[in-house]
Amino acid sequence: MNTKDFDFDLPEELIAQTPLEKRDSSKLLVLDPVTTEMTDTHFDHIIDQLNPGDALVMNNTRVLPARLYGEKPDTHGHVEFLLLKNTSGDNWEVLAKPAKRLKVGSTVSFGDGRLMAEVIEELEHGGRIVRFSYDGIFLEVLESLGEMPLPPYIHEKLDDRDRYQTVYAKENGSAAAPTAGLHFTPELLEKIEAKGVKLVYLTLHVGLGTFRPVSVDNVDEHEMHSEFYQLSQEAASTLNQVKQEGGRIVAVGTTSIRTLETIGNKFNGKLEADSGWTNIFIKPGYHFTVVDAFSTNFHLPKSTLVMLVAAFAGRDFILDAYKHAVENKYRFFSFGDAMFLKRSYKED
């Protein structure tokens, strides 16, 4: 497979720069890969696609205000950090700019010294391991000094940082939001649960790799980034019961899919309490072991996320769906509209 096989034309004006006033008022494109039917509706009608006895699986990760702006005390040179993951204690892996000035032993000050960082290891591609020092509680200091790490294709300032969090965000750790979940409101989730759909939560901390395009021509040569996931025993038991009773596992977003499929592959199609790191690359030819349907946003051309969706529904059908979305002025990417896909048994 070639990366260019997952390319499509996307007018820049369709890249959503700000969230809609009401989360669930976004458009929803319902896709049936078996009949190739496409239905235009709105997200609050996703409840019509869910059946009593189904499980709706959501990623409850919470985005850290992970972008920090500081300076080197010795030169007063400006420095930008993007926190990627906590490695141990007060040590974090960060993406630094300009990295070439940050050698081992360099220090950076944030907020007039309220937060200090010392570089303890140099990594590739601008990565650094740093040790933070501060007074008080780290997350509280970060909340007061950090900014939301919006994707590079969003150029507008976000007035309300909560709009880059899902309403069920709980577990701190992401460098980016699981954006398929941004459409849900508490009221919509209450209606879904009242219909007899079980609400199940897992955690996958989204890393910087979610922004990175595929840079190789041959898809098979692409190396996926690793992300930390966790599924509780209660969640695993609920999902196994849903499967046994004939219900569907409906995932919200590609992060939920990657977590469920990672665990399903590990335990021969069953789900068990588990945590660890996953670099699963789901592309056409992959056989889904757990997920029966899912919602997701519209993704970047030639991205691994488009490939994941194509693995589920067929490349040609997905590219037709993206063409339909462009022609009908759907909004793309993090603050954009969504699609809902039912299980396909087609093979590309």
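Which strand gives the most to the lining of the second largest pocket? The structure is a predicted model, in which local features need pLDDT of at least 70, side-chain atom pairs count only at pLDDT 80 or more, and totals for chains, interfaces and linings use all residues. Residues are numbered from 1 along each chain as its sequence is written, and side-chain values use heavy atoms, with hydrogens and water left out.

The answer is strand 6, with three residues. Strands here are DSSP runs (E, at least two residues), as are helices (H or I, at least four residues), and both are numbered from the N terminus. A pocket is an open set of points on a 1 Å grid over the protein atoms alone, with protein on both sides within 12 Å along at least five of seven lines; a cavity is a set of points where a 1.4 Å probe fits but cannot get out; and lining residues have an atom within 4 Å of a point. Grid points are joined across faces, edges and corners, and a volume is the space filled by probe spheres set on the points.

The second largest pocket has a volume of about 480 Å³. It is lined by 20 residues, of which Arg67, Tyr69, Glu147, Met148 and Leu150 are the closest to its centre. Strand 5, strand 6 and strand 7 are the elements that give two or more residues to this lining. By class, the lining divides into 12 nonpolar, one polar and seven charged residues. In this count Ala, Val, Leu, Ile, Met, Phe, Trp, Tyr, Cys and Pro are nonpolar, Asp, Glu, Lys and Arg are charged, and the others, Gly among them, are polar.

In helix 1 (residues 138–145), Phe138, Val141 and Leu142 are buried, where buried means under 20% relative accessible area, exposed means over 50%, and partly exposed lies in between (1.4 Å probe, protein chains only). These three residues are on the same side of helix 1 because they cover an arc of only 100 degrees around the axis, the arc being that of the directions from the helix axis to the C-beta atoms. The buried residues of helix 1 pack against strand 5 (67–71), strand 6 (78–88), strand 7 (91–97), strand 9 (115–122) and strand 10 (127–134).

Lys97 and Pro98 are joined by a cis peptide bond, with omega about -10 degrees. Pro98 belongs to the loop between strand 7 and strand 8 (107–110).

Next come the nonpolar cores. In soluble globular proteins, nonpolar side chains tend to be buried together. A nonpolar core is a set of buried Ala, Val, Leu, Ile, Met, Phe, Trp, Tyr and Cys residues joined through side-chain atoms within 4.5 Å. The largest one has 68 residues, and Tyr164, Leu260, Phe294, Phe332 and Leu341 touch the most other members. Its largest share, eight residues, comes from helix 5 (residues 304–313). Apart from this core lies another, of 25 residues, which includes Leu68, Leu82, Phe138 and Leu208.

Contact means heavy atoms within 4.5 Å. Leaving aside neighbours within four places in sequence, Leu341 is in contact with Leu31, Ala293, Phe294, Thr296, Val309, Phe312, Ala313 and Ile318. Met339 is found in strand 17 (residues 338–341) and counts as buried, at 0% relative accessibility. Not counting residues up to four places away in sequence, Met339 touches Leu28, Leu29, Leu31, Phe294, Ser295, Thr296, Phe298, Val309 and Tyr322.

Two loop residues have a positive phi without being glycine. Lys302, with phi about 60 degrees, lies in the loop between strand 16 (293–297) and helix 5 and is partly exposed, at 34% relative accessible area. Phe333, with phi near 75 degrees, sits in the loop between helix 6 (315–327) and strand 17. Phe333 is buried, its relative accessible area being 4%.

A search of the whole structure finds three cavities of 30 Å³ or more. The second largest cavity has a volume of about 100 Å³, and its lining has four nonpolar, four polar and four charged residues. Among the lining residues are Pro19, Arg23, His183, Arg331 and Phe335.
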